[in-house]
Amino acid sequence: MLLGRTANGLYWMNRYIERAENMARLVDAGLRMALTRTQNASEEWNSVLLSAGSDYAFSQKYQDYTAANVSDFLLRDTSNPSSTMSSIETARNNARMVRTALTRETWESINEAWMSLKRMLARPIDERDLPTVLDAIKRETALIRGSFYGTMLRNEIFDFSQLGTYVERADNTARILDVKYYVLLPSLSWVGSTLDNYQWESILRSVSAHRSYRWVYEADYKPTNIADYLILNVRMPRSLTFCYRFLGEHLKFLADDYGERHACHATAEKIQALLKRGSIKDIFDHGLHEFLAEFIRDNTRLGDEIAQDYRFH
Amino acid sequence: MAAFDEMLPEVSGLRRPYEAYDRWLKEQDPARLTQKMQDAERVFRKTGITFAVYGEQEASERLIPFDIVPRILSGQEWRRLTQGIEQRVQALNAFLDDIYHRQEILRAGRVPRELVAKNEAFLPEMIGVRPPAGVYTHIIGVDIVRISENEFYVLEDNARTPSGVSYMLENRETMMQLFPELFQKIKVRPVENYPQLLRQSLAAVRPQSAKGAPTIAVLTPGSYNSAYFEHAFLADQMGVQLVEGQDLRVVDGHVAMRTTEGYKQIDVLYRRVDDAFLDPLTFRPDSALGVPGIMDVYRAGNITIANAPGTGIADDKAIYSYMPEIVEFYTGRKAILGNIPTWRCSEPDSLKYVLEHISELVVKEVHGSGGYGMLVGPAATKKECQEFAKKLQAKPSNYIAQPTLALSTCPILTEKGLSPRHVDLRPYVLVSDRIQIVPGGLTRVALKQGSLVVNSSQGGGTKDTWVLDD
């Protein structure tokens, strides 16, 4: 038996842990781009903000799209509810609320991540320290994930947590692709220029897949392969298909446990079917942007339905 | 004023309960002990054992300082204490039942009627209501002070929602982690089964309508409450749900919680929410912490609320001064544990005395708690005394006064070695069809040298409390 409020807390706790890490990864990719390209760095930072869904809020506060401004806004600004610091804080508040549903190890890893990041992000980050800070954020979230997977019972508590993780992750991957979809379009250039190569690598880097890509595909970056990898690959842990494989699985566990199916089950199956049926060529033919925009909408709807079906409020 | 030191009294030398510990302590490297002290703090911070301090934005989560020198009681001392506590707890429950039914003690003139009738803690809504199994106050924390080898006094009966038991448990846990070898050498009676006893105790007082194993839940005001850690801790250790008012509603004459599968009935609610917030339909209408209609369910006998609403009348500081009479009235025997002599400022003679001797006395608000709103005469400046006297004269019935007692001391570890500090003791008592007291309790210690205020909100710390298995 699980309280609706607790399920809600678990779901958001995990969304925010995922988000805290995604922010670090986006800044990491942006930093890389800014380092390797001399021109148009501000454009790159702009797309980082777009992927983070924070462009508007940023523009209310800053004029210049610089590394210092963007990383400050995405990592440590507590007025930005999606910044790493805000996310970790929200994740911890939720963890505190659902404390009785967590193992001691999981709670402590979240609490320690909060303590150490609070300390680390207390003052503006010196640009020279940025890589160290990004590493620390990834390490803290990895520790949380490790203690979570290592110690939690695979019951409904686990299911609701995983739903949060994968809804957030799917949203994040889809947004990264959508912000950069034009550089993946075949009409622009089939033969990638150096410029495109940077762009492509940046996409992969923002989902920590620039190395694993080469294990799966050939050494060269090809836009269709990149799109295929991030959308359809079943084994790639941040692909849309991978996320929906697990969303489907955990929703099914809940349906079996409770003996009841809801609207969210139908929605998840619809999205899964779409991902299963299509080849990357179909998606490009249909329009990559249209596909992604629809996916983001459906994914958001799934989140709302889960909240409603399982009485989060 | 020379205080009695529980480890090393000046007159008689090292006391027996501390002999084995003292031997061990003398073998320890001071640097290692200092290290252990820091380890303890890290353990507490890591596990999030913190409390919120109202009105302090910056340090909104603080640790209650923990001292690594245990407070040790012999088995014999403990047995004497528990007899006194049991008697007192029986009397408290009998008093509550009487006050909300026949009011014999008022008719007999042993407690003034207006003291009860006009008391905010007395709930007219409870008149004629008999809680499931007839228990009013299920969980009690009796604050006890000691002033000499054989003199123990009750300072306060916490009969509403006593807190701190999680510290008792975590203190022991921490001590066992830091000094496992000590527990091999010295046989200390265990306290860690408290959550289990609490659960059994709550299950035993379930309403008759509960079929089979009762569903138990802990009701918390929420994660921003200063004692939230404890609420979560107890729910977790008991393996029951931790609920907030927003999770609950009345469904078909029962209190039910909103789960992922719909509403599920609750039979026993261990509430850590004050009476006034329990039911907006009966008490404070602006309360969002309670459950609308829960009092109707309660009156119908369909839920156990622990502690029962209205138990505050028994630990009210004005009622406290009548405890010797109350104990004798219901148990037919003299109170084993004495009260601290108390002047009720509502009585003109007492008020006169208190005003004349204010610089020697401790003056407390009748309804205050947590060390707020009190004056410790000997530690106060002349100006503070004068200002307090004005408040006292404005509303005398709001105050009681007690002599400044030389609370016993127990050493704490400081940078300069052991140093005595004043302590008190809060054992936890569970009442169902029987009375159970976990051997030990929470020892609170005033960390400032000479200070008599042990409350955590006022710079107090805690110690592990040992009852020897001898």
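Student: What makes residues of chain A and chain B count as being in contact, and how many are there on each side?

Tutor: The criterion is that the C-beta atoms, placed from the backbone, lie within 7 Å. In this predicted model, 19 residues of chain A are in contact with 19 residues of chain B. Helix H1 (4–36), helix H5 (84–97) and helix H6 (104–120) of chain A each supply at least two residues of the side that touches chain B. H6(A) gives the most to that side, with four residues.

Student: How do you know that the span of H6(A) agrees with its number of residues?

Tutor: The expected span is 1.5 Å times one less than the number of residues. The 17 residues of H6(A) should therefore span 24 Å, and the end C-alpha atoms are 24 Å apart, so the two values agree.

Student: Which residues of H6(A) are called buried, and what is the cut-off?

Tutor: A residue is buried if 20 or more other C-beta atoms lie within 10 Å of its own. In H6(A), the buried residues are A:Thr106, A:Trp107, A:Ser109, A:Ile110, A:Asn111, A:Ala113, A:Trp114 and A:Leu117.

Student: Why is A:Asn197 called partly exposed?

Tutor: A residue counts as exposed at 12 or fewer neighbouring C-beta atoms and as buried at 20 or more. A:Asn197 has 13 other C-beta atoms within 10 Å, so it is partly exposed. A:Asn197 lies in helix H10 (residues 194–206) of chain A. Its C-alpha atom is separated by 39 Å from that of A:Leu10, 187 residues apart along the chain.

Student: Which residues have the most contacts inside the largest nonpolar core?

Tutor: They are A:Val27 and B:Val255, in a core of 211 residues. H1(A) gives the most to this core, with 15 residues. Leaving aside neighbours within four places in sequence, A:Val27 is in contact with A:Val48, A:Val70, A:Ser71, A:Leu74, A:Leu75 and A:Leu134.

Student: Why is strand S9 (residues 254–259) of chain B described as largely enclosed?

Tutor: Five of its six residues are buried, so S9(B) is largely enclosed by the rest of the structure.

Student: How do you know that S9(B) pairs with strand S8 (residues 248–251) and with strand S10 (residues 262–266) of chain B?

Tutor: Pairing requires at least two bridges between the strands. Four bridges join S8(B) to S9(B), which run antiparallel, and five join S9(B) to S10(B), also antiparallel. Both cases therefore meet the requirement of at least two bridges. B:Leu248 stands opposite B:Met257 in S9(B), while B:Thr259 has B:Gly262 in S10(B) as its bridge partner. The hairpin of S8(B) and S9(B) has two residues between the strands, and B:Asp252 takes a positive phi near 50° there. S9(B) and S10(B) form a hairpin with two residues between them.

Student: What makes strand S7 (241–243) and strand S12 (304–306) of chain B edge strands?

Tutor: The open sheet has the order S7-S6-S11-S12 (chain B), with parallel pairing. S7(B) and S12(B) each have a single partner strand, so one side of each is left without a neighbour in the sheet. The twist averages 25° from one strand to the next. Strand S6 (residues 216–219) of chain B pairs with S7(B) in the parallel sense over three bridges, and B:Leu219 stands opposite B:Val243 in S7(B).

Notes. Residues are numbered from 1 along each chain as its sequence is written. Chains are lettered from A and ligands numbered from 1 in the order in which they are written. This is a predicted model: local features need pLDDT of at least 70, side-chain atom pairs count only at pLDDT 80 or more; totals for chains, interfaces and linings use all residues. Two residues are in contact if their C-beta atoms, placed from the backbone, lie within 7 Å. A nonpolar core is a set of buried Ala, Val, Leu, Ile, Met, Phe, Trp, Tyr and Cys residues joined through C-beta atoms within 7 Å. Axes are lines fitted to C-alpha atoms, for helices over the stretch in contact, and angles run from 0 to 180 degrees between N-to-C directions.
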